[in-house]
Amino acid sequence: MPNQLSIPFKKTYVVPIRQAVRDYILSHYIDTHPDAYRWDVSHWEKLRAAATSGGVHIDRVSALISYHAQLVFILTKLPPDIGLEIPYAPAFDSDSLPHSLKNLVYERASLLYNLAALYSQLGSAEDRSTPQGLKQAIKFYQSAAGTLNYLNDSVLPQLHASLAADDPPIELTEAFVKSLQFLMLAQAQECVWQRAVMDNYKNGLIAKLAAKVGNFYASAVKYIKDASPSIKHTYPSYWVAHLETKHFHFLAAAQYRKSLEDLEGHNYGHEVARLIEAQTLAKKGYDVARRGGVAPAVQQDIKSLLDIVHKNVTRAERDNDLIYHKDVPPASALPAISEVAMAQPVVELSLQDPKTIVGRDAVIFGELMGWGARLAIDIYSERRRDWIAEEVQARQRGLNDALSSTLDSLNLPASLDALDRPVGLPPSLIKKAEEVKVEGGPDRIETYIRDVQALAKHVASLLDEAMDVLDQEVDEDETLRENRPGLERLPSLEANRELITKEQQYRKVLEQAQDSDSLVRKKWEEWEDSITQLTWPEDELELSIPSSTVAYSQRAGTTIADPTRAHARALRTLLERLEDLSKSRVEIVARVDRLAGSDDITQRVSKAATAMEQWVNVQPAMFEDILDEELSKYDKFRVQLEENGEKQEELLRSVKERHAEFIRSRKEDAIVKERELALQSLDLAYHKYKEIVRNLEEGQQFYNDFSALLSDFRAACKDYAAARREEASLLTDAMDNLALSNTTAPVAPVSTTDLAASCLPEPSASPADEFVSEAPQEPAGKHDQNAVFDLPPPDSDEWETLELPPAPTAPPKPRPDPKKRVTRSAQRA
């Protein structure tokens, strides 16, 4: 059995690349069809098949590196998540359930891990009894260390940045990868040490080489023991003991070789001290090896060293006592052995610069616009939409609202209409009434309200259905736990915590929306009569307005004072200028909408992306200058609205001043006042009508958007429940199989991983299937519950002497805490 370790492969399965790419392109690219990339997808599938199959052979290195190079380029064109589920089983437990992630960086990281594993297995397979074999082993181990170093420094940060904190598998954490890296360096340095011994180098140099071997092994152990969360359980039981044994072995070997140098230099006291220290270290290593169950070859190595050191200790102490009489210093007083590192991580050039092995025309998705460029276009569209909404539309509404509120507070233009037209309806009011009538008025609002209520009910039902799915899954989990008391898996109330949190957030948003709907309905109830009045025939509407045919001044035998008329004309002029400003704002908004409708920066961004280095991972931030420059063409509209607002503010100040003079110049007339109030009420009813319609349209849009969001949430709940049912089925079948295979022993509690792993198929023994197989299938014959046992007939006397197996002791049935369970009925209450 070899005295060095090799890294096992991470087993994977076939993945539906073609379907995932097709779905992604159809959903994210408008002017591109998946059929244009048939060759790219086919080449991707072939590369993955070649990289993830085959045995331990040097030719497989090029397949892995070629696939890695293409993955690097693919990730410049596609985002990490294209909906492709990628499974990889744990390296040290290939028969357990795979860890699946929808992440192409996970594929790249796992690929590099397997490349390092291949290098390590190639190094372990070399014949280290020959100089050539040692040379090749050193090369492979250093390449393994370099690949792991590249994985840790260049790929793991990208992987962790694209995943949730608890998503990355343990084998792709920094501590795990660094422990393997130092193991490979230790074994490479060990081969260098072995070559130095074989070539009879000086004892001092051999000691320095051995000290560095021990240091490398110590670093590997430190990463394992200091990892948080713990990773020690991931390795085989003997793995850490092997590393610790090697650590003590080479520290002892370094002291032993240094003692030989001291002997040659007639430094007999130091010789004895170093031999005693070597003996102490070798004993520690031997004890660890025996307790840890390491390989017999490793135990034999440390035992041989211990025997040699023991003989030399006896000889050196005797010679010193009888002949030399030198003082023996304590181990702490000995000069430290300087270390010489000959092994170092070697990263293949084709890993650091993938384009060196892939021709420019052979890259996958070379003609596809990169996801970074496409995302930059989406970001621009979103920024443009937000800018228009905030800087143009919101500013326009603010100016309109300021104008309406100011004129309403001054009772304009109703007071002027009442003065100028003592009978009949003002033209402005006739126009507004006609607009309400054409649009349907109350009927339109009632239809909107019914539609919004229906949408609100539908949205609430989607949320309730999602909770019903979760409630049903909780009930199924409780039933399963009652029927299977030995089952160990995460309770539903913990497993669905994230979904429950989302539901509570959605429920809160829905309640706020319903409150807003109530306010709109209340507003409609308050103004329904006045808005309905606007839809009356013109003659009926005119009769409803008090007339002032005989004005106060006429009844007094005089005419309206000239100052009042002058102020009224001035106010009319100011109102007309304000109306012109309002129309100008409408035109500005229309011009912005026309420009936005024809605004397409795809060609410019695509040209900029093409000009970039082909293998650069294009990020949206690289296009910030283009986005800012394109967005700046809308600044002129903001300036125009600002100038419009300044003019309106100045005109409103003039209106307030002139209105004050108008009021002072007028003579009080109760009939005119009554007519003014009636006209003002109708004018305000028109504005309330427009406001209510706008509120209802916004509510309708909100519920439509929210409905799509909750449909996705309901689908996520169904997927979660289906996955839990499948897991429960696997666990139940596995427990049945275990019970049938050991009918004489009670069924012990079984964990989710153990039971689910037992349902996976045994991997094929052929070299081609060593690393990749089809997705796990359900084992045949898993429900052999009608097995026939060899028992005596019911009336046989053998029953009195027959020894029956003891019945399994079932633990108390766990009951869920009613305080923790969140159900839809509880939430409604």
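Which residues does Gln 189 touch, not counting residues up to four places away in sequence? The partners of Gln 189 are Leu 209, Lys 212, Val 213, Phe 216, Val 340, Ala 341, Met 342 and Ala 343, where a contact means heavy atoms within 4.5 Å. This is a predicted model, in which local features need pLDDT of at least 70 and side-chain atom pairs count only at pLDDT 80 or more, while totals for chains, interfaces and linings use all residues. Residues are numbered from 1 along each chain as its sequence is written, and side-chain values use heavy atoms, with hydrogens and water left out.

Gln 189 belongs to helix H6, which covers residues 174-198; helices (H or I, at least four residues) and strands (E, at least two) are DSSP runs, numbered from the N terminus. Gln 189 counts as buried because its relative accessibility is 0%, given that buried means under 20% relative accessible area, exposed over 50%, and partly exposed in between (1.4 Å probe, protein chains only).

Ala 333 lies in the loop between helix H10 (296-324) and helix H11 (349-352), and with a relative accessible area of 48% Ala 333 is partly exposed. Ala 333 and His 270, 63 residues apart in sequence, are 9.6 Å apart in space, C-alpha to C-alpha.

As for confidence, pLDDT is the predictor's confidence in each residue, from 0 to 100; the chain has a mean of 82, with 83% of its residues reaching 70 or more. Confidence is highest in H6, at 96, and lowest in strand E6 (residues 772-773), at a mean of 38. Over residues 549-561 the pLDDT is below 50, and this stretch has 16 contacts in the model beyond near neighbours in sequence. Where pLDDT is low, the predicted coordinates should not be read in detail.
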